[in-house]
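Take a look at the protein below. We will walk through it step by step, from one residue to the whole chain.

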Amino acid sequence: EMEDAFAFTETHDQLTVISEVKADMEKAVPMDRVVIGDVGYGKTEIAVRAAFKAVQDGKQVAVLVPTTLLAQQHLQTFTERMAAFPVKVRGLSRFTDAGDSKEIIAGMADGEIDVVVGTHRLLQTAVRWKDLGLVIVDEEQRFGVEHKEHIKALRTHVDVLTMSATPIPRTLEMSMAGIREMSTILTPPEERHPILTYVGAYADKQVAAAIRRELLRDGQVFYVHNRVSSIDKAAQRIRELVPEARVVVAHGQMNEDNLERTVQGFWERDYDVLVCTTIIETGLDISNANTLIVERADSLGLSQLHQLRGRVGRSRERGYAYFLYPPEKPLTETAYDRLATISQNSDLGAGMAVAMKDLEIRGAGNVLGAEQSGHVAGVGFDLYVRLVGEAVEAFRAAADGKPITTDDAPKEVRIDLPVDAHIPPDYVTSDRLRLEGYRKLAAATELDGITAVVDELVDRYGPLPEEVRRLVSVAKLRLLARAHGLEEIAVVGTQLKISPMPLPDSKQLRLKRIYPSAQYRATTGMVQLPLPRAGSGGIGAERVRDVELLQYIADFVLALDGKAAGSVVMEA
């Protein structure tokens, strides 16, 4: 009955997502789903239905939004959609006066109130819930990790539904790796046009022309100037450029009545141009405003740019977005990347592409820590996603009571030695074939495998040059190390480190006898010995390197095993 009262036709994707969300809510495990739908694709409706379902199951719902304006708007939507049913909806933000908010908080604690729409005020410690069942976070890119984790800490069995057009890199990455479930809404509502996006340097003439063009078709303009200190100056400048326009200012530091009156007035078309900060960024739904002008666009983040652009073009009219940057200052590289991304992805439903690009530019942050962006420095992105994916798989298997399958692949051996070993480009010219050679050598698990690779190289490219022969020797040493369970052989300064070598007492004695200068650390199983010197070994002689060094290490490993030196020849 409530669903039938929806004023628009649901798109196919909306229906799919709604059913996915409902199925999730009925499971025993708490839901943690991210809904990614572009700006104005009807995510709010999904929230309304999920909230309604939770209330029917006798639970309370918290709707968390980033700005007071959006809180008012959602409160309106929720109240309208649930008016016909016995559901109590209340709002809580810094605009709620003290008496009301006390009453609301009391109502939340004793279960009187079913749905609360609020800003960060909902996260304060004094807020108690009787039986919270669902938390809906709208525009999650505006919240920090602590906020999101705090929501989960409220109760372990709370379903969490996160909605965003451009999810933060960390969230997106978690969904890609399977830590969270992800649904996307890709079909735009009917009769929507892509927004025409223009990126360029600021020019007075152009701004004036853009505003006039919008006034000619009886529309309204958002003008974003993200500095409260100079916003009145900006408004004044626009009054001078376009004297016939009725200009008004809105920003987050105004008192509430003023702000509400201003926005209400703009909504009722009393003004033509709203000069504002990014307070309008999220969720404002004013269908008559179809031109957006952003100055200093180079200083805004990707999801901010995309969200701002989503404020226009919400009806049948074509929307225009101008992202302007100061002509006299060069753009930074990332700012250029961001503006380029925004201008390239201007078709309907570009949010996901924008978010992916954001993930690429800013990196994925830390899954367990608090950073929400930042690159995976040590490993490449693909490897990182694979690692996280494997970990998630293992946990899933454990949760379902299946045995965790571990990889029985041989351990990687890290060899870091002063050996000039590579395949020179003038021996194998193609990059791809060179890489293939490296891969085959690294993958060989026995001597025959190495011999086969060598035969193939000789057959295809002629006799091996010295560097390649050394590479083959390194591969042989790797096999030997693998056979003895070693994971690292490296030279640090003038010391050679080999680990792990768990040596029983008898072998420790042998080590002291044959190599008196070696040190052994029992806790880490690491052996350290000074690099031998070449030739007669006098002071000032060079340290050994290349194949001689490889042979020395092989002899050392064999000697501890009680085998004769030279029983395995490293030379290729």
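Does Pro532 count as buried or exposed? Pro532 counts as buried, because its relative accessibility is 18%. Buried means under 20% relative accessible area, exposed means over 50%, and partly exposed lies in between (1.4 Å probe, protein chains only). This is a predicted model, in which local features need pLDDT of at least 70 and side-chain atom pairs count only at pLDDT 80 or more, while totals for chains, interfaces and linings use all residues. Residues are numbered from 1 along each chain as its sequence is written, and side-chain values use heavy atoms, with hydrogens and water left out.

Stay with Pro532. It sits in the loop between strand S18 (526–530) and helix H18 (546–560). Helices (H or I, at least four residues) and strands (E, at least two) are DSSP runs, numbered from the N terminus. Leaving aside neighbours within four places in sequence, Pro532 is in contact with Arg543, Val544 and Tyr552. Contact means heavy atoms within 4.5 Å. Leu549 is 17 residues from Pro532 in sequence, and their C-alpha atoms are 8.2 Å apart.

Now find Arg470, in helix H16 (residues 466–483). Arg470 counts as buried because its relative accessibility is 14%. Beyond neighbours within four places in sequence, its contacts include Val419, Asp420 and Asp546.

Next, look for strands. S3 (residues 89–92) and S4 (residues 115–118) run parallel, joined by four bridges. Two strands pair if DSSP finds at least two bridges between them. Arg90 has Val116 in S4 as its bridge partner. From S3, the chain passes through helix H4 (residues 98–110) to S4, and this β-α-β crossover is right-handed. With the strands pointing away from the viewer, that means the path from the first strand over the helix to the second runs clockwise.

What about empty space? Rolling a probe the size of a water molecule over the atoms shows where it is left. A cavity is a set of points, on a 1 Å grid over the protein atoms alone, where a 1.4 Å probe fits but cannot get out; lining residues have an atom within 4 Å of a point. The structure holds five cavities of 30 Å³ or more. Helix H14 (431–443) and helix H15 (447–461) each supply at least two residues of its lining. Among the lining residues are Leu433, Gly437 and Tyr461.

Finally, step back. The protein chain has 18 helices and 18 strands. Of its 572 residues, 49% are buried.

Notes:
On a 1 Å grid over the protein atoms alone, a cavity is a set of points where a 1.4 Å probe fits but cannot get out, and a pocket is an open set with protein on both sides within 12 Å along at least five of seven lines; lining residues have an atom within 4 Å of a point. Grid points are joined across faces, edges and corners, and a volume is the space filled by probe spheres set on the points.
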